[in-house]
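Thanks for coming. Please have a look at it first.

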Amino acid sequence: MASEDGSYARMFQRHAHPVSAWSRLLSAPVLLVPLWTRRWWLYVPIGAWFAVNPVMTPPAHDTSSFATRAILGEESWTRDPTSEPKVLALTGAATASLVGAMVASYQHKKLAAVTGMGSVVALTLWQWKLWADRFTRETARRAT
């Protein structure tokens with residue numbers, strides 16, 4: 001499905017499986033747990049999970065899933081990130097929200113931590129929409 005050969009494209013094909021994509025997104029809040037609990041060693045299993053997640057599933061076999069189209073659109077976007085300025089802006093906003101959520105978690109400010117992480121997920125879903133649209137446009141262009 002991805003347009004390039006190599007391990008990078010193979011990783012995206014596997015990460016485009018809906019189980020991989022959704023489980024990674026929905027795991028994002030665990031990034032706050034070590035900060036909240038001050039148990040820094042928890043970043044070891046969390047880091048392992050985020051490293052294994054993109055390759056734990058078989059490659060996506062079709063593009064009927066929104067998550068699959070989004071991740072394959074992301075793979076395309078990574079080859080030319082300046083082509084989608086809105087995605088770059090959303091990336092910046094999501095990063096700022098994540099940093100804010102992490103600081104709030106460290107300070108035990110529950111509402112700010114939850115709100116910040118909610119913003120991260122919402123902004124990521126908006127990115128997914130833009131990437132899925134990109135994948136759909138590229139697929140339609142190749143079909144003509």
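How do the residues in the lining of the largest pocket divide by class into nonpolar, polar and charged? Before I get to that, note that this is a predicted model.

The answer is 15 nonpolar, five polar and two charged residues in the lining of the largest pocket. The lining comes to 22 residues, and those that lie nearest the centre of the pocket are R24, E74, T124, Q127 and W128. As for volume, the largest pocket holds about 600 Å³ of space.

Where does the lining come from? At least two residues each are supplied by α1 (7-15), α2 (18-27), α5 (66-78), α6 and α7. Of the contributors, α7 gives the most, with five residues.

Now the overall layout. The chain has seven helices and zero strands. Read from the N terminus, the order of elements is α-α-α-α-α-α-α. Along the principal axes, the C-alpha atoms fill a box of roughly 55 × 30 × 25 Å.

On to the packing. In general, two packed helices are described by the angle between their axes and the distance between the axes.

Helix α6 covers residues 85-106 and helix α7 covers residues 110-143; their axes come within 8 Å and cross at roughly 160 degrees. Angles over 145 degrees count as roughly antiparallel, and α6 and α7 are therefore roughly antiparallel to each other. The crossing of α6 past α7 is left-handed. On the α6 side, the contact residues are K86, V87, L90, T91, A93, A94, S97, L98, A101, A104 and S105. On the α7 side, they are A112, A113, G116, M117, S119, V120, L123, W126, Q127, L130 and W131. By class, this contact of α6 with α7 has 15 nonpolar residues, six polar and one charged. Note that Q127 is in this contact and also among the residues nearest the centre of the largest pocket.

Next, α2 with α7. Here the axes come within 10 Å, and the crossing angle is roughly 150 degrees. That makes α2 roughly antiparallel to α7. The crossing of α2 past α7 is right-handed. From α2, the residues A21, W22 and L25 meet V121, T124, L125 and W128 of α7. The contact of α2 with α7 divides into six nonpolar residues, one polar and no charged. T124 and W128 take part in this contact, and both are among the residues nearest the pocket centre.

Last, α2 with α5. Their axes come within 8 Å and cross at roughly 80 degrees, which makes α2 roughly perpendicular to α5. P18, A21 and W22 of α2 meet F66, A67, T68 and I71 of α5. This contact of α2 with α5 has six nonpolar residues, one polar and no charged.

Conventions. Residues numbered from 1 in each chain as written. Predicted model: local features only at pLDDT ≥ 70, side-chain atom pairs only at ≥ 80, totals over all residues. Heavy atoms only, no water. Axes fitted to C-alpha atoms, helices over the stretch in contact; angles between N-to-C directions. Helix = DSSP H or I, 4+ residues; strand = E, 2+ residues; numbered from the N terminus. Parallel < 35°, antiparallel > 145°, perpendicular 65-115°, else oblique. Left-handed = near helix turned anticlockwise from the far one by under 90°. Contact = heavy atoms within 4.5 Å. Nonpolar A, V, L, I, M, F, W, Y, C, P; charged D, E, K, R; others polar. 1 Å grid on protein atoms, 1.4 Å probe; cavity = no way out; pocket = protein on both sides within 12 Å on 5 of 7 lines; lining within 4 Å. Points joined across faces, edges and corners; volume = space filled by probe spheres on them.
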